[in-house]
Amino acid sequence: MTTPPKPTVGFEQHDHAACESDALAAAEARCAAAGLRLTPVRRKVLEMLLKEHRALGAYAILDLLREAGFGSQPPVAYRALDFLAENGFVHKIERLNAFVACAHPNDAHSPAFMICRQCDAVAEAQSAPAKSALGAAAKAAGFQIEKTVMEAEGLCPACVDTSDA
């Protein structure tokens with residue numbers, strides 16, 4: 001029996017406050033269980049990304065950290081982002097050279113991102129690369145996929161609606 005795919009998070013209306021608090025609680029629980037430290041800077045970066053529901057670059061994050069009273073040196077932001085990405089709390093969007101909070105923090109998954117080329121909104125869905133054409137090609141080559149990130153560029157529903165007007 002196959003499990004239904006998790007919903008795409010990012011473009012649809014949802015309870016954003018619950019989304020933020022659930023993801024933060026999941027990060028706190030996972031850190032506590034694994035003996036990891038969710039330092040004030042790491043927590044603040046995660047909170048900022050959860051609040052935005054869009055990708056932010058390291059320097060935008062650094063500016064927000066500075067405004068919040070944290071350090072103003074780039075390593076502050078990069079160390080926090082490295083920790084959050086290594087532990088699956090955020091994902092790097094290669095096309096934008098930016099980071100987005102994970103929309104499925106309690107699930108091991110291969111993320112697939114839909115990036116709006118007009119407003120830079122990002123939605124995250126789960127993908128199954130091992131069952132896709134990529135998975136078939138990897139199997140034929142004797143390659144074992146350990147991690148994938150898929151990125152698609154287009155228009156989000158809001159930008160499609162404004163372009164039709």
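Me: What share of the 165 residues in the protein chain is made up of buried residues?

Reply: Buried residues make up 35% of them, where buried means under 20% relative accessible area, with exposed over 50% and partly exposed in between (1.4 Å probe, protein chains only). This is a predicted model, in which local features need pLDDT of at least 70 and side-chain atom pairs count only at pLDDT 80 or more, while totals for chains, interfaces and linings use all residues. Residues are numbered from 1 along each chain as its sequence is written, and side-chain values use heavy atoms, leaving out hydrogens and water.

Me: What makes a set of residues a nonpolar core?

Reply: Such a core consists of buried Ala, Val, Leu, Ile, Met, Phe, Trp, Tyr and Cys residues joined through side-chain atoms within 4.5 Å. The largest one here has 25 residues, and V45, L46, L49, I61 and L84 have the most contacts inside it. Helix 4 (74-86) is among the elements that give two or more residues to this core, and helix 4 contributes the largest share, 6 residues.

Me: Which residues does V45 touch, not counting those up to four places away in sequence?

Reply: V45 touches I61, L65, A80, L81 and L84, since contact is defined as heavy atoms within 4.5 Å.

Me: Why are 6 helices and 5 strands counted in the protein chain?

Reply: The chain comes to these totals because helices (H or I, at least four residues) and strands (E, at least two) are DSSP runs, numbered from the N terminus. From that end, the elements run α-α-α-α-β-β-β-β-α-β-α.
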